[in-house]
Amino acid sequence: MDIIFGRNKKEQLEPVRARVTGKIPSWLQGILLRNGPGMHTVGETKYNHWFDGLALLHSFMIRDGEVYYRSKYLRSDTYNANIEANRIVVSEFGTMAYPDPCKNIFSKAFSYLSHTIPDFTDNCLINIMKCGEDFYATTETNYIRKINPLTLETLEKVDYRKYVAVNLATSHPHYDAAGNVLNIGTSIVDKGKTKYVIFKIPATVPEDRKKGPRPLKHTEVFCSIASCSLLSPSYYHSFGVTENYIVFLEQPFRMDILKMATAYIRGVSWASCLAFHREDKTYIHVIDQRTREPVLTKFYTDPMVVFHHVNAYEEGGCLLFDVIAYEDSSLYELFYLAHLNKDFEENSRLTSVPTLKRFAVPLHVDKNADVGSNLIKLVSTTARALKEKDDRIYCQPELLCEGLELPRINYAHNGKPYRYVYAAEVQWNPIPTKVIKYDLLTKSSLSWGEAHCWPAEPLFVPTPGAQDEDDGIILSAIISTDPQKLPFLLVLDAKTFTELARASVDADMHLDLHGLFIPGASWDAGKQTPARGEQGRSVDHGVAPRT
Ligand SMILES: CC1=C(/C=C/C(C)=C/C=C/C(C)=C/C=O)C(C)(C)CCC1
Ligand SMILES: [Fe+2]
């Protein structure tokens with residue numbers, strides 16, 4: 001596993017042509033752009049956690065049946081400072097770093113104090129976000145980094161706090177049909193309050209106002225939700241939207257702000273300030289997009305940890321939402337590199353298996369309904385919502401499928417009824433071995449897997465003019481631990497899950513996290529410039545909004 005997690009990856013600055021076997025559909029033209037951690041050692045220093053690794057962007061440019069690959073480390077301030085010092089000098093999720101070991105006692109004390117309100121990292125390693133015509137590498141702090149999607153060059157550093165009062169924001173924004181971005185972040189003890197702030201970044205802005213980081217300047221707060229606790233807000237990684245609602249889970253996996261404020265002095269990581277409170281509940285917040293107000297009914301469920309929402313939609317007066325849920329926070333524990341690299345099989349067992357669960361929330365609660373009655377009358381789900389005596393509603397999910405993570409859907413169905421989930425198959429071990437397609441209607445699945453192959457998140461790209469939800473292809477970057485096998489871009493028929501093609505790349509590819517597909521875009525492999533003037537003309541976020 002050291003090959004996958006331990007070793008620093010070499011960037012591939014010059015585009016390298018892949019060896020294609022099979023046939024890539026001729027309509028598939030564009031760039032698959034992805035992000036993930038690629039470097040875990042700087043000089044003599046090592047990160048502790050896989051999510052700490054320095055962001056390595058990579059892209060597969062697909063044109064006329066050919067594929068070109070390139071990769072480049074994000075030149076974040078964090079990357080530059082580390083490389084210059086030849087050691088880790090910026091703290092990440094699982095690693096607390098000390099920039100100035102030789103300073104005298106006074107400057108050390110000052111450094112401690114200035115870290116009380118920490119300046120987080122700009123090592124944006126999780127995902128790629130599209131705002132208007134611009135692309136950003138993202139993590140979960142207040143920083144995002146603009147990038148050139150064609151050359152993978154790092155551009156300006158953007159501090160969300162300039163536009164909206166958030167200290168943290170997710171790497172999983174949603175996009176509406178016009179390409180407007182909807183995201184959620186946490187505002188920590190601002191004016192005596194801790195809240196979750198839902199904000200919107202418009203895809204387009206009026207001509208005369210096009211100055212600065214354009215769409216971001218026009219960010220607006222959509223709605224705020226007060227945190228249950230001032231000093232221990234929930235940690236969350238994503239949220240859900242339907243046509244008219246937003247669903248946000250305030251889960252009992254919480255950040256302890258006082259612990260965070262003293263973490264630097266105590267020499268512990270940010271990760272050690274997160275804890276799962278198995279004695280607490282998970283609160284389900286539902287926001288009406290039309291009024292921009294939270295629905296007043298109190299919905300809750302059992303304690304759980306959710307990283308990825310899959311989809312949400314409305315049916316028969318109910319809001320249904322599907323998530324990958326865990327019974328504890330063991331997933332984050334397992335990604336400590338010490339667990340991943342030694343005795344992999346033994347040390348990397350999850351104590352709870354990721355499970356696809358469907359929740360149903362009644363949108364109109366009958367005040368006269370009996371206490372204990374189930375308010376969900378849908379035939380399509382066994383999920384229940386039980387009325388309690390204080391008018392609170394306890395939601396019991398339907399268990400749909402076990403052993404999957406990194407879910408994606410046909411994004412044209414985001415917020416709407418849907419049938420298929422594409423995901424990586426994981427069982428008791430967090431590293432995916434297969435790509436799967438789960439059919440929510442028939443509760444059956446199809447899968448692709450190969451010995452010594454480790455697939456990344458599968459991404460769905462629709463066939464032009466597609467009729468069926470699964471009319472398209474699946475793209476996944478596969479790395480291999482077989483020294484005889486090169487890493488490759490896998491192209492599957494989304495309907496049948498048969499392999500259409502693979503494009504093997506002679507490069508040091510990393511296991512990545514998330515990304516998107518930019519249809520139509522292409523760079524000239526030789527000149528490294530956009531070809532056909534189609535740069536970022538439209539985008540699929542796994543994929544839909546055509547702006
Ligand atoms: C640096 C930093 C953070 C980073 C979190 C990261 C990097 C999370 C990655 C999560 C992933 C990849 C989940 C996949 O399911 C926090 C805790 C937000 C806050 C403190 C500073
Ligand atoms: Fe994620």
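## Briefing

Strand 27 and strand 28 (residues 393–396) run antiparallel and are joined by four bridges; helices (H or I, at least four residues) and strands (E, at least two) are DSSP runs, numbered from the N terminus, and two strands pair if DSSP finds at least two bridges between them. This is a predicted model, in which local features need pLDDT of at least 70 and side-chain atom pairs count only at pLDDT 80 or more, while totals for chains, interfaces and linings use all residues. Residues are numbered from 1 along each chain as its sequence is written, and chains are lettered from A and ligands numbered from 1 in the order in which they are written.

**The chain as a whole**

- The chain contains eight helices and 39 strands.
- Of its 547 residues, 51% count as buried; a residue is buried if 20 or more other C-beta atoms lie within 10 Å of its own, exposed if 12 or fewer, and partly exposed in between, with C-beta atoms placed from the backbone.
- Among the contacts in the chain with a separation of 6 or more, 59% are between residues 24 or more positions apart, where two residues are in contact if their C-beta atoms, placed from the backbone, lie within 7 Å.

**The hairpin of strands 27 and 28**

- Strand 27 and strand 28 form a hairpin with five residues between them, and Asp391 in the turn has a positive phi of about 70°.
- Within the pairing, Leu386 stands opposite Tyr394 in strand 28.
- Strand 27 (residues 384–387) has a covered face, made up of Ala385 and Lys387, and an uncovered face with Arg384 and Leu386.
- In a regular strand the side chains alternate between the two faces of the sheet.

- Four strands form an open sheet in the order 8-9-10-11, with antiparallel pairing. Strand 8 (127–131) and strand 11 (154–159) are the edge strands, each of which pairs on one side only.
- From one strand to the next in this sheet, the twist averages 35°; the axes are lines fitted to C-alpha atoms, for helices over the stretch in contact, and angles run from 0 to 180 degrees between N-to-C directions.
- Strand 8 is joined by five bridges to strand 9 (residues 134–138), and the two run antiparallel; Ile128 has Ala137 in strand 9 as its bridge partner.
- Five strands form an open sheet in the order 1-7-6-3-39, again with antiparallel pairing. Strand 1 (16–17) and strand 39 (514–519) stand at its edges with a single partner strand each, so one side of each is left without a neighbour in the sheet.
- Strand 1 pairs with strand 7 (residues 66–73) in the antiparallel sense over two bridges, and Val16 stands opposite Tyr69 in strand 7.

**Two helices, each with a buried side**

- In helix 2 (residues 77–85), the residues Thr78, Tyr79 and Asn82 are buried. Seen down the axis of helix 2, the buried residues fall within an arc of 100°, so they line one face of the helix; the arc is that of the directions from the helix axis to the C-beta atoms.
- These buried residues of helix 2 pack against strand 4 (41–42), strand 6 (54–63) and strand 7, and helix 2 is followed by Asn86, whose phi is positive, near 55°.
- The buried residues of helix 5 (residues 257–266) are Met260, Ala263 and Tyr264. They cover an arc of only 80° around the axis, which puts them on the same side of helix 5.
- On the other side of helix 5, Leu258 and Arg266 are exposed, and the helix is followed by Gly267, with a positive phi near 75°.

**Single residues in loops**

- Asn148 is found in the loop between strand 10 (143–147) and strand 11, and is partly exposed, with 18 other C-beta atoms within 10 Å.
- Leaving aside neighbours within four places in sequence, Asn148 is in contact with Glu153 and Leu155.
- Lys443 lies in the loop between strand 32 (434–439) and strand 33 (444–449); its phi is near 55°, a positive value in a residue other than glycine, and Lys443 is exposed, with 9 other C-beta atoms within 10 Å.
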